[in-house]
Amino acid sequence: MTLSNMERKIIENSIRDIKDFPKQGIVFKDITTLLNDAEAYGVLMNHLYQRYKEYNLDYIAGIDARGFIFGAALAQMLSIGFVPIRKKGKLPYTTISEKYSLEYGVDEIEVHIDAFGKFQNARVLLIDDLIATGGTANAAAKLINQAGASCVEACFIMALDFLDGQRKLKETTDVYSLIEVK
Ligand code: AMP
């Protein structure tokens, strides 16, 4: 199931570029304007539903925090559970965690140890709004696999292709990005 050019345009036009946020030289892709636009949000969610309804998924895992918005909505449409992958220190029960490199220093994400427990080798779709260097998504895909589940695909609304994150992530899982920014 691929996105039509018209659907891509509607989604692309609803995302706003904010120059020099959060720091000089970064063009921040602001998806609040997509969420604010019922037509664009609907086109996006309907496309994701049509694509993933045949995947036999057991769970959607979303990355903190924008991955929660799309992931939780999609999980409901597919009638499956949602799992939040959170920044360190936010989840209350026993967790497993994975560190990853940032431009300066390291960060860490976590998931509950029993998050995918209802199914043997659960089939999981990972979702976030955007992939840049791929550090966050790589750590999240590893976490899913360490938790005893299987990350069958990672899905992003946008990929910043010039940062090469998708190529690296493809070593761990299949990757699907709706809009590729060259
Ligand atoms: P990375 O680990 O480098 O792939 O960064 C991905 C994470 O940072 C995602 O959770 C994105 O939401 C966020 N992010 C990185 N760069 C941008 C950007 N230019 N615009 C919006 N979000 C970004």
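For these notes, a polar contact is a pair of N or O atoms within 3.5 Å; inside the protein, one must be able to donate a hydrogen and the other to accept it, and residues adjacent in sequence count only if both atoms are side-chain atoms.

**Ground rules.** I'm working on a predicted model, where local features need pLDDT of at least 70 and side-chain atom pairs count only at pLDDT 80 or more, while totals for chains, interfaces and linings use all residues. Numbering runs from 1 along each chain as its sequence is written, and side-chain values use heavy atoms, with hydrogens and water left out.

I went to arginine 66 and found an N or O atom of its side chain 3.2 Å from a ligand oxygen. Aspartate 128 also faces a ligand oxygen, with a polar side-chain atom 2.8 Å away. Next I looked up the cover: the ligand taken alone exposes 490 Å², and the protein buries 82% of that (Shrake-Rupley areas, 1.4 Å probe; for residues, only the protein chains shown count as cover).

**The shell.** I count a residue as near if one of its heavy atoms lies within 4 Å. On that basis 14 residues surround the ligand, and Asp128, Asp129, Thr133, Gly134 and Thr136 are the closest. By class I get six nonpolar, four polar and four charged (nonpolar is Ala, Val, Leu, Ile, Met, Phe, Trp, Tyr, Cys and Pro; charged is Asp, Glu, Lys and Arg; the others, Gly among them, are polar). Strand 2 (27-30), strand 7 (123-131) and helix 5 (135-146) each supply at least two shell residues. Strand 7 gives the largest share, four residues. Elements are DSSP runs numbered from the N terminus: helices are H or I with at least four residues, strands E with at least two.

Where does the ligand sit? In the largest pocket, meaning that more than half of its atoms lie within 2 Å of the grid points. A pocket here is an open set of points on a 1 Å grid over the protein atoms alone, for a 1.4 Å probe, with protein on both sides within 12 Å along at least five of seven lines; lining residues have an atom within 4 Å of a point. I read about 1200 Å³ of space in the largest pocket. Its lining has 34 residues, with Phe28, Leu130, Ala132, Thr133 and Thr136 closest to the centre. The lining divides into 19 nonpolar, six polar and nine charged residues, and strand 7 gives the largest share, four.

Most peptide bonds are trans. I found a cis one joining phenylalanine 21 and proline 22, and another from aspartate 64 to alanine 65. Proline 22 is in the loop between strand 1 (16-19) and strand 2.

Methods
Points joined across faces, edges and corners; volume = space filled by probe spheres on them.
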